[in-house]
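Subject: Structure for your review

Dear colleague,

Please find below the structure that I am handing over to you. I would be grateful if you would look through it alongside the notes that follow.

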Amino acid sequence: MKTVDREAFVKHWDPDKWDWALKSDKLAKEYSNMLDIWWDPERFDWSLGSWALAEYCHDYFDIWWDSEKFNWGDASNFLARYCSKHFHKWWDPEKFNWEAGSVELASHCWHAFHGWWDPEKFNWEDASWALALYCHDYFEVWWDPEKYNWERGSAELARRCSRYFDKWWDPEKFNWRAASEVLPSFVLTSSRSGGTQRSITGSTLHVT
Amino acid sequence: MCSSLLAELLPERFLDWWDPERFDWSTGSKMLIKHCSAYFERWWDPRRFQAYPSSIEALALNCAEYMNVWLPHVLEKDSSARALVALVMQRTDEVKQILLQNTLERGGAE
(Lines give C-alpha, C1' and ligand atoms only; values in the text may rest on other atoms or scores of the structure.)
Protein backbone atom coordinates (compact mmCIF):
# COMPACT_ATOMS: atom_id res chain seq x y z
CA MET A 1 0.00 0.00 0.00
CA LYS A 2 1.38 3.40 -0.92
CA THR A 3 1.65 6.04 1.75
CA VAL A 4 -0.30 8.82 0.07
CA ASP A 5 -2.38 11.06 2.26
CA ARG A 6 -6.05 11.32 1.48
CA GLU A 7 -5.92 15.00 0.74
CA ALA A 8 -3.31 14.52 -1.96
CA PHE A 9 -5.16 11.56 -3.38
CA VAL A 10 -8.47 13.45 -3.59
CA LYS A 11 -6.69 16.35 -5.21
CA HIS A 12 -5.09 14.29 -7.96
CA TRP A 13 -7.61 11.52 -8.43
CA ASP A 14 -9.40 11.65 -11.76
CA PRO A 15 -11.45 8.54 -12.55
CA ASP A 16 -11.74 9.57 -16.18
CA LYS A 17 -7.99 9.52 -16.64
CA TRP A 18 -7.33 6.28 -14.83
CA ASP A 19 -6.72 3.25 -17.02
CA TRP A 20 -9.26 0.97 -15.37
CA ALA A 21 -8.77 -1.82 -17.90
CA LEU A 22 -5.10 -2.16 -17.09
CA LYS A 23 -4.77 -0.82 -13.58
CA SER A 24 -7.83 -1.76 -11.56
CA ASP A 25 -5.80 -4.24 -9.58
CA LYS A 26 -3.21 -1.55 -8.84
CA LEU A 27 -5.86 0.63 -7.23
CA ALA A 28 -6.96 -2.18 -4.97
CA LYS A 29 -3.40 -3.17 -4.15
CA GLU A 30 -1.82 0.21 -3.55
CA TYR A 31 -4.69 2.47 -2.51
CA SER A 32 -6.92 0.18 -0.49
CA ASN A 33 -7.28 2.76 2.27
CA MET A 34 -8.68 5.22 -0.30
CA LEU A 35 -11.22 2.77 -1.61
CA ASP A 36 -14.10 4.93 -0.48
CA ILE A 37 -12.73 7.66 -2.78
CA TRP A 38 -11.94 5.73 -5.94
CA TRP A 39 -14.41 2.87 -5.76
CA ASP A 40 -16.65 2.60 -8.79
CA PRO A 41 -18.13 -0.87 -9.35
CA GLU A 42 -19.05 -0.06 -12.91
CA ARG A 43 -15.60 1.08 -13.98
CA PHE A 44 -13.58 -1.35 -11.93
CA ASP A 45 -12.32 -4.25 -14.06
CA TRP A 46 -13.53 -7.20 -12.03
CA SER A 47 -11.87 -9.82 -14.19
CA LEU A 48 -8.51 -8.11 -13.64
CA GLY A 49 -8.76 -6.98 -10.07
CA SER A 50 -11.05 -9.27 -8.10
CA TRP A 51 -8.11 -11.06 -6.54
CA ALA A 52 -6.63 -7.75 -5.36
CA LEU A 53 -9.91 -6.63 -3.81
CA ALA A 54 -10.04 -9.85 -1.83
CA GLU A 55 -6.40 -9.71 -0.76
CA TYR A 56 -5.93 -6.01 -0.06
CA CYS A 57 -9.40 -4.58 0.53
CA HIS A 58 -10.93 -7.17 2.83
CA ASP A 59 -11.43 -4.46 5.48
CA TYR A 60 -13.83 -2.74 3.05
CA PHE A 61 -15.55 -5.94 1.99
CA ASP A 62 -19.06 -4.60 2.60
CA ILE A 63 -18.40 -1.68 0.27
CA TRP A 64 -17.13 -3.54 -2.77
CA TRP A 65 -18.63 -7.00 -2.60
CA ASP A 66 -20.80 -7.97 -5.55
CA SER A 67 -21.40 -11.65 -6.12
CA GLU A 68 -22.51 -11.11 -9.70
CA LYS A 69 -19.44 -9.11 -10.72
CA PHE A 70 -16.73 -10.92 -8.75
CA ASN A 71 -14.35 -13.07 -10.81
CA TRP A 72 -15.06 -16.41 -9.15
CA GLY A 73 -13.05 -18.38 -11.66
CA ASP A 74 -9.72 -16.74 -10.94
CA ALA A 75 -10.17 -15.35 -7.46
CA SER A 76 -12.25 -17.81 -5.42
CA ASN A 77 -9.13 -18.96 -3.62
CA PHE A 78 -8.22 -15.36 -2.70
CA LEU A 79 -11.74 -14.86 -1.36
CA ALA A 80 -11.48 -17.93 0.86
CA ARG A 81 -7.99 -17.05 1.99
CA TYR A 82 -8.36 -13.35 2.77
CA CYS A 83 -12.09 -12.84 3.35
CA SER A 84 -12.80 -15.83 5.55
CA LYS A 85 -14.32 -13.66 8.26
CA HIS A 86 -16.99 -12.58 5.77
CA PHE A 87 -17.61 -16.17 4.67
CA HIS A 88 -21.35 -16.18 5.19
CA LYS A 89 -21.74 -13.03 3.10
CA TRP A 90 -20.01 -14.35 0.01
CA TRP A 91 -20.41 -18.11 0.07
CA ASP A 92 -22.03 -19.58 -3.03
CA PRO A 93 -21.25 -23.25 -3.70
CA GLU A 94 -22.33 -22.99 -7.30
CA LYS A 95 -20.07 -20.05 -8.13
CA PHE A 96 -17.06 -20.99 -5.99
CA ASN A 97 -14.14 -22.50 -7.91
CA TRP A 98 -13.73 -25.75 -5.98
CA GLU A 99 -10.86 -26.98 -8.05
CA ALA A 100 -8.68 -23.98 -7.27
CA GLY A 101 -10.02 -23.05 -3.87
CA SER A 102 -10.60 -26.21 -1.84
CA VAL A 103 -7.27 -25.91 -0.06
CA GLU A 104 -8.11 -22.38 1.07
CA LEU A 105 -11.59 -23.39 2.17
CA ALA A 106 -10.12 -26.05 4.43
CA SER A 107 -7.19 -23.98 5.64
CA HIS A 108 -8.89 -20.60 6.17
CA CYS A 109 -12.62 -21.31 6.45
CA TRP A 110 -12.46 -24.33 8.74
CA HIS A 111 -14.58 -22.39 11.25
CA ALA A 112 -17.45 -22.47 8.74
CA PHE A 113 -16.89 -26.10 7.78
CA HIS A 114 -20.55 -27.09 8.00
CA GLY A 115 -21.42 -24.15 5.76
CA TRP A 116 -19.30 -25.23 2.82
CA TRP A 117 -18.62 -28.94 3.11
CA ASP A 118 -19.68 -30.91 0.06
CA PRO A 119 -17.87 -34.19 -0.59
CA GLU A 120 -19.00 -34.21 -4.18
CA LYS A 121 -17.57 -30.79 -5.01
CA PHE A 122 -14.46 -30.80 -2.80
CA ASN A 123 -11.12 -31.24 -4.61
CA TRP A 124 -9.94 -34.41 -2.88
CA GLU A 125 -6.98 -34.83 -5.18
CA ASP A 126 -5.26 -31.58 -4.24
CA ALA A 127 -6.75 -30.68 -0.90
CA SER A 128 -7.23 -33.88 1.13
CA TRP A 129 -4.19 -33.07 3.21
CA ALA A 130 -5.69 -29.71 4.21
CA LEU A 131 -8.79 -31.44 5.59
CA ALA A 132 -6.61 -33.56 7.86
CA LEU A 133 -4.42 -30.64 8.85
CA TYR A 134 -7.05 -27.96 9.49
CA CYS A 135 -10.44 -29.69 9.75
CA HIS A 136 -9.52 -32.57 12.02
CA ASP A 137 -12.28 -31.60 14.45
CA TYR A 138 -14.76 -32.62 11.75
CA PHE A 139 -12.92 -35.79 10.79
CA GLU A 140 -15.93 -38.01 11.27
CA VAL A 141 -17.96 -35.84 8.91
CA TRP A 142 -15.51 -35.71 5.99
CA TRP A 143 -13.58 -38.95 6.26
CA ASP A 144 -13.81 -41.12 3.16
CA PRO A 145 -10.95 -43.59 2.69
CA GLU A 146 -11.77 -44.05 -0.97
CA LYS A 147 -11.73 -40.37 -1.86
CA TYR A 148 -8.89 -39.32 0.44
CA ASN A 149 -5.55 -38.75 -1.32
CA TRP A 150 -3.29 -41.02 0.72
CA GLU A 151 -0.28 -40.30 -1.42
CA ARG A 152 -0.20 -36.62 -0.46
CA GLY A 153 -2.04 -36.73 2.84
CA SER A 154 -0.75 -39.63 4.94
CA ALA A 155 1.58 -37.43 6.96
CA GLU A 156 -1.24 -35.06 7.92
CA LEU A 157 -3.38 -37.99 9.07
CA ALA A 158 -0.57 -39.12 11.36
CA ARG A 159 0.13 -35.58 12.53
CA ARG A 160 -3.35 -34.27 13.22
CA CYS A 161 -5.78 -37.16 13.25
CA SER A 162 -4.07 -39.56 15.63
CA ARG A 163 -7.14 -39.66 17.88
CA TYR A 164 -9.05 -41.20 14.98
CA PHE A 165 -6.34 -43.73 14.23
CA ASP A 166 -8.74 -46.67 14.50
CA LYS A 167 -10.97 -45.13 11.85
CA TRP A 168 -8.40 -44.23 9.24
CA TRP A 169 -5.58 -46.72 9.66
CA ASP A 170 -5.09 -48.86 6.59
CA PRO A 171 -1.60 -50.28 6.04
CA GLU A 172 -2.40 -50.93 2.40
CA LYS A 173 -3.31 -47.32 1.66
CA PHE A 174 -0.98 -45.48 4.06
CA ASN A 175 2.01 -43.91 2.32
CA TRP A 176 4.85 -45.36 4.37
CA ARG A 177 7.56 -43.78 2.27
CA ALA A 178 6.45 -40.21 1.59
CA ALA A 179 9.71 -38.46 0.91
CA SER A 180 9.24 -34.83 1.81
CA GLU A 181 8.07 -32.89 4.84
CA VAL A 182 7.10 -29.95 2.64
CA LEU A 183 3.37 -29.60 2.46
CA PRO A 184 1.90 -30.18 -0.98
CA SER A 185 2.16 -27.08 -3.05
CA PHE A 186 -0.67 -25.27 -4.66
CA VAL A 187 -0.86 -22.27 -6.86
CA LEU A 188 -2.91 -19.14 -6.71
CA THR A 189 -3.02 -17.57 -10.10
CA SER A 190 -4.67 -14.40 -11.24
CA SER A 191 -4.54 -14.68 -14.99
CA ARG A 192 -4.81 -10.96 -15.62
CA SER A 193 -2.96 -9.57 -12.65
CA GLY A 194 -0.36 -7.76 -14.70
CA GLY A 195 1.73 -10.85 -15.34
CA THR A 196 2.15 -11.50 -11.66
CA GLN A 197 1.81 -15.11 -10.66
CA ARG A 198 1.42 -15.91 -7.02
CA SER A 199 2.24 -19.31 -5.74
CA ILE A 200 2.04 -20.67 -2.28
CA THR A 201 4.13 -23.60 -1.19
CA GLY A 202 3.27 -24.83 2.24
CA SER A 203 2.81 -21.72 4.32
CA THR A 204 5.27 -19.59 2.38
CA LEU A 205 4.13 -17.12 -0.22
CA HIS A 206 6.37 -16.73 -3.23
CA VAL A 207 5.77 -14.01 -5.76
CA THR A 208 7.44 -14.55 -9.09
CA MET B 1 8.87 -39.60 6.47
CA CYS B 2 5.42 -41.03 7.21
CA SER B 3 6.99 -44.10 8.79
CA SER B 4 8.95 -41.78 10.99
CA LEU B 5 5.75 -39.95 11.96
CA LEU B 6 4.05 -43.18 12.96
CA ALA B 7 6.94 -43.96 15.29
CA GLU B 8 7.09 -40.43 16.67
CA LEU B 9 3.40 -39.65 17.05
CA LEU B 10 1.78 -43.03 17.52
CA PRO B 11 4.16 -45.10 19.65
CA GLU B 12 1.27 -46.23 21.85
CA ARG B 13 -0.33 -47.80 18.77
CA PHE B 14 2.88 -49.52 17.72
CA LEU B 15 1.41 -53.00 17.82
CA ASP B 16 -1.41 -51.89 15.51
CA TRP B 17 0.69 -50.32 12.80
CA TRP B 18 4.00 -52.15 12.95
CA ASP B 19 4.95 -53.88 9.73
CA PRO B 20 8.68 -54.47 9.18
CA GLU B 21 8.15 -55.02 5.48
CA ARG B 22 6.45 -51.67 4.93
CA PHE B 23 8.30 -49.56 7.46
CA ASP B 24 10.78 -47.16 5.83
CA TRP B 25 13.92 -48.02 7.76
CA SER B 26 16.04 -45.43 6.00
CA THR B 27 13.99 -42.47 7.27
CA GLY B 28 12.26 -43.97 10.28
CA SER B 29 14.94 -45.83 12.23
CA LYS B 30 15.88 -42.98 14.49
CA MET B 31 12.30 -42.24 15.60
CA LEU B 32 11.66 -45.95 16.02
CA ILE B 33 14.59 -46.22 18.40
CA LYS B 34 13.75 -43.01 20.22
CA HIS B 35 10.01 -43.43 20.68
CA CYS B 36 9.39 -47.16 20.44
CA SER B 37 12.21 -48.54 22.56
CA ALA B 38 9.62 -50.33 24.71
CA TYR B 39 9.02 -52.58 21.71
CA PHE B 40 12.69 -53.13 20.91
CA GLU B 41 12.36 -56.89 20.86
CA ARG B 42 9.51 -56.65 18.35
CA TRP B 43 11.21 -54.38 15.85
CA TRP B 44 14.91 -55.12 16.17
CA ASP B 45 16.21 -56.61 12.95
CA PRO B 46 19.96 -56.48 12.35
CA ARG B 47 19.45 -57.06 8.63
CA ARG B 48 17.32 -53.93 8.26
CA PHE B 49 18.91 -51.67 10.83
CA GLN B 50 20.67 -48.67 9.28
CA ALA B 51 23.88 -48.09 11.22
CA TYR B 52 24.08 -44.31 10.88
CA PRO B 53 25.94 -42.45 13.64
CA SER B 54 22.65 -40.83 14.72
CA SER B 55 20.95 -44.23 14.89
CA ILE B 56 23.78 -45.70 16.93
CA GLU B 57 23.66 -42.74 19.29
CA ALA B 58 19.89 -43.17 19.63
CA LEU B 59 20.39 -46.86 20.44
CA ALA B 60 22.93 -46.03 23.12
CA LEU B 61 20.64 -43.42 24.66
CA ASN B 62 17.33 -45.25 24.43
CA CYS B 63 18.05 -48.95 24.25
CA ALA B 64 21.03 -49.35 26.56
CA GLU B 65 19.46 -52.35 28.29
CA TYR B 66 19.58 -54.24 25.00
CA MET B 67 23.20 -53.39 24.27
CA ASN B 68 24.17 -57.03 24.32
CA VAL B 69 21.76 -57.52 21.40
CA TRP B 70 22.53 -54.55 19.18
CA LEU B 71 26.17 -53.76 19.92
CA PRO B 72 27.65 -56.81 18.14
CA HIS B 73 25.70 -55.95 14.99
CA VAL B 74 26.61 -52.29 15.11
CA LEU B 75 30.28 -53.15 15.52
CA GLU B 76 30.03 -55.49 12.60
CA LYS B 77 28.50 -52.85 10.34
CA ASP B 78 30.11 -49.59 11.26
CA SER B 79 33.85 -49.07 11.38
CA SER B 80 33.72 -45.69 13.12
CA ALA B 81 31.53 -47.11 15.88
CA ARG B 82 33.93 -50.03 16.15
CA ALA B 83 36.84 -47.64 16.60
CA LEU B 84 34.96 -45.58 19.18
CA VAL B 85 33.96 -48.61 21.23
CA ALA B 86 37.52 -49.98 21.03
CA LEU B 87 38.86 -46.69 22.33
CA VAL B 88 36.41 -46.66 25.25
CA MET B 89 37.23 -50.31 26.03
CA GLN B 90 40.94 -49.58 26.07
CA ARG B 91 40.46 -46.69 28.41
CA THR B 92 37.86 -48.14 30.72
CA ASP B 93 39.85 -47.20 33.82
CA GLU B 94 40.23 -43.66 32.56
CA VAL B 95 36.49 -43.40 31.89
CA LYS B 96 35.72 -44.75 35.34
CA GLN B 97 38.08 -42.17 36.84
CA ILE B 98 36.31 -39.33 35.02
CA LEU B 99 32.91 -40.58 36.14
CA LEU B 100 34.10 -40.89 39.73
CA GLN B 101 35.57 -37.42 39.64
CA ASN B 102 32.30 -35.99 38.32
CA THR B 103 30.35 -37.80 41.01
CA LEU B 104 32.61 -36.45 43.75
CA GLU B 105 32.36 -32.94 42.36
CA ARG B 106 28.58 -33.18 42.59
CA GLY B 107 28.85 -34.02 46.27
CA GLY B 108 28.68 -37.76 45.89
CA ALA B 109 25.12 -37.76 44.59
CA GLU B 110 24.48 -40.37 41.96
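Across the interface of chain A and chain B, five residue pairs are in polar contact, both partners having a pLDDT of 80 or more. On the side of chain A that touches chain B, the elements giving two or more residues are helix H12 (150–160) and helix H13 (165–168) of chain A. H12(A) contributes the most to that side, with four residues. Sorted by class, the side of chain A that touches chain B has nine nonpolar, four polar and five charged residues.

Please bear in mind that this is a predicted model. The interface may also be described by its extent. The contact draws 18 residues from chain A and 15 residues from chain B. Between them, the two chains bury about 1,500 Å², and 64% of this lies on carbon and sulfur atoms. Which residues of chain A lose the most area to chain B? They are A:Phe165, A:Trp176 and A:Arg177, which together account for 43% of what that side buries.

Charged side chains also meet here. The rule finds three salt bridges across the interface of chain A and chain B. In one salt bridge, the side chains of A:Glu172 and B:Arg22 meet at 2.7 Å, N to O.

I turn next to the aromatic rings. Over all chains, the count comes to 63 aromatic pairs. The rings of A:Phe113 and A:Trp116 have centres 5.2 Å apart and planes at 70°; an angle over 60 degrees counts as edge-to-face, so this pair is edge-to-face. A:Phe113 and A:Trp116 are separated by about one helical turn, because they stand three residues apart in helix H9 (residues 113–116) of chain A.

Finally, some remarks on confidence. The model scores ipTM 0.73 and pTM 0.78. Chain A has an average pLDDT of 87, with 84% of the residues scoring at least 70. For chain B the average pLDDT is 82, and 73% of the residues score at least 70. Over residues 180–208 of chain A, pLDDT stays under 50, and the model has 69 contacts beyond four places in sequence for this stretch.

With kind regards

Conventions
Residues are numbered from 1 along each chain as its sequence is written. Chains are lettered from A and ligands numbered from 1 in the order in which they are written. Side-chain values use heavy atoms; hydrogens and water are left out. Contact means heavy atoms within 4.5 Å. Buried area is the accessible area (1.4 Å probe) that two parts lose on being put together, summed over both. A salt bridge is a side-chain nitrogen of Lys or Arg within 4 Å of a carboxyl oxygen of Asp or Glu. A polar contact is a pair of N or O atoms within 3.5 Å; within protein, one must be able to donate a hydrogen and the other to accept it, and residues adjacent in sequence count only if both atoms are side-chain atoms. Ala, Val, Leu, Ile, Met, Phe, Trp, Tyr, Cys and Pro count as nonpolar, Asp, Glu, Lys and Arg as charged, and the others, Gly among them, as polar. pLDDT is the predictor's confidence in each residue, from 0 to 100. Rings of Phe, Tyr and Trp (its six-membered ring) pair if their centres lie within 6.5 Å; planes under 30 degrees apart count as stacked, over 60 as edge-to-face and the rest as tilted.
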